[in-house]
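Colleague: I'm new to reading protein models. Could you take me through one, feature by feature?

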Protein chains: 2
Amino acid sequence: MPARMKDIAEDLGVSLMTVSKALRNHTDISQATRNRVLARARELDYQPNWIARSLVTRRTYAVGLVIPDLMHSFFAEVAKGVARKIDPLGYQIVISNSEEDGDTEDRQLELLAARKVDGLIVAPASSRSGSRMLGTLRARNLPCVLIDRTLPGLEANFVGSRDDEIGRMATEHLWEQGCRRIAHIRGTGAANSVGRLRGYRRALAKLRLEVPKEYVVTGAPHDEDGYQAMRRLLALADRPDGVYCYNDPVAAGAIQAVLEAGLRVPEDVAIVGTGNVHYSDLLRVPLTTVDQGSARIGEEAGDLLVKCMLAKTPLKPRHILVPVRLVVRESSRRTRAAVGG
Amino acid sequence: MPARMKDIAEDLGVSLMTVSKALRNHTDISQATRNRVLARARELDYQPNWIARSLVTRRTYAVGLVIPDLMHSFFAEVAKGVARKIDPLGYQIVISNSEEDGDTEDRQLELLAARKVDGLIVAPASSRSGSRMLGTLRARNLPCVLIDRTLPGLEANFVGSRDDEIGRMATEHLWEQGCRRIAHIRGTGAANSVGRLRGYRRALAKLRLEVPKEYVVTGAPHDEDGYQAMRRLLALADRPDGVYCYNDPVAAGAIQAVLEAGLRVPEDVAIVGTGNVHYSDLLRVPLTTVDQGSARIGEEAGDLLVKCMLAKTPLKPRHILVPVRLVVRESSRRTRAAVGG
DNA sequence: CTGAAAGCGCTAACAG
DNA sequence: CTGTTAGCGCTTTCAG
């Protein structure tokens, strides 16, 4: 139904090839012919069929973005960063929600590959899914950039943060604020949660602070999870006076639980999150958090992916670590000395 | 490089068609042959090339989603609703950010059309872009569902809210809470902001409340805009004691401005937002807002689009209005009587 | 500068 | 049950 090149060619009495070249601004077409073609194309409201073009050029100008949760602002910010970089180059984003589930993720990757996307940006749901992805991608050597979470044992492009540093930074900050019973609400499975936990543990060790085993609870990635986890922490005989949280939504949930228990933030329990999502400043208690440069992560990932897609031969995998930064706000400020905000 | 049907066919000494049918579970293939094909396909890690398939079937199983801002939770929630409905049917989402700009939106729609998506869900940036879209879509009769914002003069599928009711509901609520100087921070251009403004005006008229012209200010869609708009309102000689805001981010920004001015919410200025985004409950002051059923909007839009895509002939455009609901929280609760939360 | 031939990987329609 | 023919709309050679 829509106009094809063939239609234009026949209308003008020229060959299909002439039309094809004219439309793509090839040099070896006379200005006169080109104008006629362009004019007729406009009249017919001609739109190139990218499907057909893709079949022969083997480029779709689509990149797949697989994230665990569209609704988590962190990923929305990352997605925006990616878009900002690849959009001007004519790429579009096919987005998939893995819902933090490895099988769903694999299915989505399969589909994306079948769709012949030119590249992939993935925040892997769990480390378990590493094997499948490796097969799916390596075999077809589809350019791929991992974000936010590495995949243990998989040599791949990665853009993210130094998670152990995040954990350390947050924990030491709580200590500096006078907290001595520092707990951690950790994430499930993914490499970043492991790294943050490690940072937390190392900081405690360095500070010679011993805390009960029960001070590490699992409760992520949503604020409801954080809320529940915090309630468990508050129920402990010796409840914590500082909590470092896997991400900002979890921290927001934790704050909710603390306030609901009739306690104060930060006086009774100080809270630190991770990610510095956009609304963390507007929360019930403005949230101290470790900024990961989410938009920057997206941008770097976009840039790197573009480089890979343009390269003739597979590039050596790179690791890009975006600097992190502690943003001190009210949820942890217990001393005069605390700066920032 | 990846395996093709042809490879399987040659390896097995059967025809390409046999492979094609076996792979798609056509009935007229013997179990034995099918098994051989399937086995070889697995060995070669065969993946169907959807581009090639699409070219002949004329279906891409991709739908375009064009929204003004990925980072606004409202649209993230809508997107998730859409995904929930179309995902199980094998459709994937190509997402585009229009950044509230009509030209960007048109460009994106163009690309999406060229990519031959099977359908489109669009939250139009501004009413101005109506004409182009109409051409782009009607001409190629590409199934399309508008969400959140109608396009004046365009007879099209729509899923959204009764915006004048939202405006009325919020305004009357503020009145019931004792506010008598009720202002409105409105959005720019889009039909929904016009509707909400109308609702606000009508409610005032019905209540026989007269307010200065300066009580309607434009400041959307981001929280920064709301913050600035609120500052302007606070600078008025006769400052408002209640403000109805275009959306929740704007309301959050407004609250920020009020508190920063040393005033209290809701005692000095009560605030009502729109959208009931997920984190509105966690805000500095928990936000009273009009819930639009964002996820439901996405789901209905997804369902409707699927119906359109499956239909042989274009369906008559439908309007689906998802019920709205006032959610009363602390930002406006000035009387005992106020219910909900 | 213009065009003819060949084919991307797959499927619809029909024959055997 | 299996295979042949034709072609989706476009681009990449390569000849004029």
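Colleague: Let's start with Ile95(B): is this residue buried or exposed?

Modeller: Keep in mind that this is a predicted model. To judge burial, you count neighbours: 20 or more other C-beta atoms within 10 Å make a residue buried. Ile95(B) has 25 C-beta neighbours inside 10 Å, so it counts as buried. You'll find Ile95(B) in strand β2 of chain B.

Colleague: Which residues is Ile95(B) in contact with, if I skip its neighbours within four places in sequence?

Modeller: Those are Ile93(A), Ile95(A) and Leu65(B). Take Leu65(B): it's 30 residues apart from Ile95(B) along the chain, yet their C-alpha atoms are separated by 4.8 Å.

Colleague: What is the order of the strands in the open sheet?

Modeller: The open sheet has 12 strands with mixed pairing, and the order is β11(A)-β5(A)-β4(A)-β3(A)-β1(A)-β2(A)-β2(B)-β1(B)-β3(B)-β4(B)-β5(B)-β11(B). At the edges stand β11 (319-321) of chain A and β11 (319-321) of chain B, each with a single partner strand, so one side of each has no neighbour in the sheet. From one strand to the next, the twist averages 20 degrees.

Colleague: How do I read a strand's side chains?

Modeller: In a regular strand, side chains alternate between the two faces of the sheet. Now look at β4 (residues 144-147) of chain B: Cys144(B) and Leu146(B) point one way, Val145(B) and Ile147(B) point the other way, and all are buried.

Colleague: Which strands are joined to β4(B) by three bridges?

Modeller: One is β3 (residues 119-122) of chain B, which runs parallel to β4(B). Here Ile121(B) stands opposite Val145(B). The other is β5 (residues 157-160) of chain B, again parallel and joined by three bridges, with Ile147(B) opposite Val159(B).

Colleague: Fine, now helices. Which residues of α4 (residues 50-57) of chain B are buried?

Modeller: First, the general idea: an α-helix has 3.6 residues a turn, so residues three or four places apart point the same way. In α4(B), the buried ones are Trp50(B), Ile51(B) and Ser54(B). They cover an arc of only 100 degrees around the axis, which puts them on the same side of α4(B).

Colleague: What do the buried residues of α4(B) pack against?

Modeller: They pack against α4 (50-57) and α6 of chain A. Follow α6 (residues 102-114) of chain A and you'll see that it lies across β1, β2 and β3 of chain A together with β2 of chain B. Its direction is about 180 degrees to β1(A). Just after α4(B), by the way, Arg58(B) takes a positive phi of about 65 degrees.

Colleague: And the core: which residues have the most contacts inside the largest one?

Modeller: In soluble globular proteins, nonpolar side chains tend to be buried together. The largest nonpolar core here has 179 residues, and those with the most contacts inside it are Ala254(A), Ile271(A), Ala254(B) and Ile271(B). Beyond its neighbours within four places in sequence, Ile271(B) is in contact with residues including Val243(B), Cys245(B) and Leu287(B).

Colleague: Last one: how many residues surround DNA strand D?

Modeller: There are 24, and the closest are Arg4(A), Met5(A), Ser20(A), Ala52(A) and Asp28(B). α4(A) gives the most to that surface, with five residues. Around DNA strand C there are 24 residues as well, Thr18(A), Asp28(A), Arg4(B), Ser20(B) and Ala52(B) being nearest.

Notes. Residues are numbered from 1 along each chain as its sequence is written. Chains are lettered from A and ligands numbered from 1 in the order in which they are written. This is a predicted model: local features need pLDDT of at least 70, side-chain atom pairs count only at pLDDT 80 or more; totals for chains, interfaces and linings use all residues. Two strands pair if DSSP finds at least two bridges between them. Helices (H or I, at least four residues) and strands (E, at least two) are DSSP runs, numbered from the N terminus. Axes are lines fitted to C-alpha atoms, for helices over the stretch in contact, and angles run from 0 to 180 degrees between N-to-C directions. Two residues are in contact if their C-beta atoms, placed from the backbone, lie within 7 Å. A nonpolar core is a set of buried Ala, Val, Leu, Ile, Met, Phe, Trp, Tyr and Cys residues joined through C-beta atoms within 7 Å. A residue is buried if 20 or more other C-beta atoms lie within 10 Å of its own, exposed if 12 or fewer, and partly exposed in between; C-beta atoms are placed from the backbone. The arc is that of the directions from the helix axis to the C-beta atoms. A residue is near a molecule or strand if its C-beta atom, placed from the backbone, lies within 6 Å of it.
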